[in-house]
Amino acid sequence: MNVLVVEDEKSLATEMHTFLKNEGYICDVASTGKEASEKIFINPYDFLLLDLGLPDYDGLDLLKEAKEANQEAAIIILTARGSTDDKVKGLDLGADDYLAKPFSLMELSSRMQAIIRRKHGLKKATTDVHGFEIDMNNRTVSFQGKMISLTKKEFDIFQYLLMNKNRVLTRVQLTEHIWDNALEADYDSNYVDVHIKNLRKKLGQCAEVDWLETVRGIGYRMNMS
Amino acid sequence: MAGFLVFLPGLIYDASITHIDTRLEKKKTNMLHLIRNKGMGEFIEEATDSTHGDSAYSDYTIFRENFVSIELVKDFEEDTIVTSPRDIDSEIVESRVLRHFFHYNNSIYLMEIGESMQYVKDLNLVVRQISLYILIVIITLTVLLDLGAIQYLLRPLRKIEAKLLATQRPEKFDYHPVITTTTDFQYLDKTIGEMMQKIQNAFSIEKEFIANVSHELLTPVSILQTRLENMLATGTLSEEAEMKILESQNTLGRLKQIIRSLLLISQIENNQAPKEDKVDIPQLLKDVASEIEERLAGKHISLELNVGDSFVLEPANRSLLFTLFFNLVNNAIKYNKPGGKISIHCRKEKDRYIVEVKDTGIGIAPENLTSIFYRFKKINTTGEESYGLGLPMVKTIAGFHNAEIKVESTVGEGSIFTVEFKLNTHETYNP
């Protein structure tokens, strides 16, 4: 998968580049609108991660250009401008998703995976996790046909761990994910632990859940082969 | 004019007296003329009746109002004109009497010519009454005219007053000059306008500053966040280093929360927040309650929802209102005692819709009650983290929805936060 990161802040572009490379993406970086515009014109990208606040270019114009040059590219808008206006305009112009800075790389990764699933027609709606069938579209989990009733947040955690499988997710990352409005996140609480405990209890009634691992004091990891 | 009316009866009285006196003088001349021509015999009779003793006496009355009498006296005196009561037909009548002494055939006679004052008094009374009525009418007219004139003259001042009353925020101030020819009013209007402009500038500089600073902070925070995540992802760090990174992530999270809160507040204050939703408040409160369920369970706190019938607020911003009530309920949990209670009540009053969030928490000291809504005032005493922006945000969001936020609290017993939405009022926003 080819990804173009359009970000004028070099350090941030570097971190994103490092992360995406490790994730197995082929990653390219453009730090100005002009550079991005040229690259979009030449290369067929699968993903455009687009910072709207470019010094030399209106991000929304670049978005339009990208849509014309490459219909297939999935576009995620990254912006520090917290205004919902930008978000609405961006989505209207054909962006697939929107992430407000500062965002978590894990969040970026799971959003990208969600888009891939949607765009590239992973027709199979369900994913198998050690015998548990997780349906991303209907947001349900079942085991051998039997539904397991999870709360919204329990499902969110399960899905997020799955999207970032074999990687430790810290409490902070999980907290920020389940409280999508950062204002309501409570960084000093153990709510995530409570949710994981409940999740394990519910899933554990059907099968072993040792694949949902507690990693020292850091966080949790879903181990998948 | 009024003064004239007050003195008018007196003037009329004086004029009447002068008039009467002139008449009396004229009569006197006539009488003397008659006496000279016709002799005293015509008028005087020898004193034969008992009443008058030895004096000669003549009484000559035309009407009750007028009389002439001549009598023989011993001593000569100066002429006088006096007002004195007279017995006429056994009735005391106030009269103006001219007393004239004259010699005739070596005798001294006193001629008294009198005229009743009654009609003068009557006239005086009538004049007084009329004067009084006129006076009342004139005073009333004057007062009304004056009021009208004052109102007219002060019209520019009223306009300035109206402008100030209509101004809840400097940017809402009507900077059009009030049209007036009075330089004082022009000056006043101009000065107020300039002051408003200064305040507005100071406000917008502050708001812009907060917005810019917060915005500028987002990028470095993004870099730090992604860097920390990449460091953790390598998996080659020592456990100790990983724990440090975890702590840093936590700290960074709080920093993000502060920046986001500041941005949100400045966004609302700069009127950049949309207000296009219809929000059913009872339903919203139920949503908040279900979102916050786990936090309640974590502290064994029970939540009583008594929200009543649907009440739709519009235009509103659902996500902001959600944040408002979430913050209130979250605070009620945070500052509650384990096993405590929170109750949410809604009620509709004549002109307002009231949401009350009551907790059995630690309460707020009276000296802190006013400052809890200010940014970065830390009121927390429990040692739990408080970023001092939750309640300022609540206040800002309430203001954005033209609602008022109030708090009552007793230390050790709990607090009651009340949000009062004004009904049927238009968009007037006080930050």
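## A walk from a parallel sheet to the chain contact

Let's start in chain A, where five strands line up in an open sheet with the order 2-1-3-4-5, and their pairing is parallel. Strand 2 (26-30) and strand 5 (97-100) of chain A sit at the edges with a single partner strand each, so one side of each has no neighbour in the sheet. Ignore direction, and neighbouring strands of this sheet are turned by 20 degrees against each other on average. Keep in mind as you look around that this is a predicted model.

For a closer look at one pair, pick strand 3 (residues 47-51) and strand 4 (residues 74-79) of chain A, which run parallel and are joined over five bridges. Phe47(A) is a handy landmark here, as it stands opposite Ala74(A) in strand 4 of chain A. Now bring in helix 1 of chain A, which packs on this sheet and touches strand 1 (2-6), strand 2 and strand 3 of chain A. The direction of helix 1 makes about 170 degrees with that of strand 2 of chain A.

Chain A has another open sheet to find, this one with three strands in the order 10-12-11 and antiparallel pairing. Its edge strands are strand 10 (169-170) and strand 11 (212-215) of chain A, and each of them pairs on one side only. Strand 10 of chain A runs antiparallel to strand 12 (residues 219-222) of chain A, and two bridges join them. Leu169(A) has Tyr220(A) in strand 12 of chain A as its bridge partner.

Step back and take in chain A as a whole: there are eight helices and twelve strands. Of its 225 residues, 38% are buried. If you consider contacts in chain A between residues at least 6 apart in sequence, 56% of them join residues at least 24 apart.

Next, the place where the two chains meet. Chain A puts 36 residues into the contact, and chain B puts in 36 residues. On the chain A side, helix 1, helix 5 (105-119), helix 7 (171-178) and helix 8 (191-204) each supply at least two residues. Which helix of chain A gives the most to the side that touches chain B? That would be helix 1 of chain A, with seven residues. Sorted by class, the side of chain A that touches chain B has 16 nonpolar, eleven polar and nine charged residues.

So what does helix 1 of chain A pack against in chain B? Helix 1 (residues 10-22) of chain A meets helix 4 (residues 183-234) of chain B at an angle of about 30 degrees, with the axes 9 Å apart. That angle makes the two helices, helix 1 of chain A and helix 4 of chain B, roughly parallel. Their crossing is left-handed. Among the residues making this contact are Leu12(A), Met16(A) and Phe19(A) from helix 1 of chain A, and Ile223(B), Arg227(B) and Ala233(B) from helix 4 of chain B. By class, this helix contact has five nonpolar, seven polar and two charged residues.

Finally, a stop in chain B. Strand 11 (residues 403-410) and strand 12 (residues 414-422) of chain B pair in the antiparallel sense over eight bridges, and Glu408(B) stands opposite Ile416(B) in strand 12 of chain B. These two strands of chain B form a hairpin with three residues between them, and Gly412(B) takes a positive phi near 85 degrees there.

Definitions and conventions:
Residues numbered from 1 in each chain as written. Chains lettered and ligands numbered in written order. Predicted model: local features only at pLDDT ≥ 70, side-chain atom pairs only at ≥ 80, totals over all residues. Axes fitted to C-alpha atoms, helices over the stretch in contact; angles between N-to-C directions. Helix = DSSP H or I, 4+ residues; strand = E, 2+ residues; numbered from the N terminus. Parallel < 35°, antiparallel > 145°, perpendicular 65-115°, else oblique. Left-handed = near helix turned anticlockwise from the far one by under 90°. Contact = placed C-beta atoms within 7 Å. Nonpolar A, V, L, I, M, F, W, Y, C, P; charged D, E, K, R; others polar. Pairing = 2+ DSSP bridges. Buried ≥ 20, exposed ≤ 12 C-beta atoms within 10 Å, placed from the backbone.
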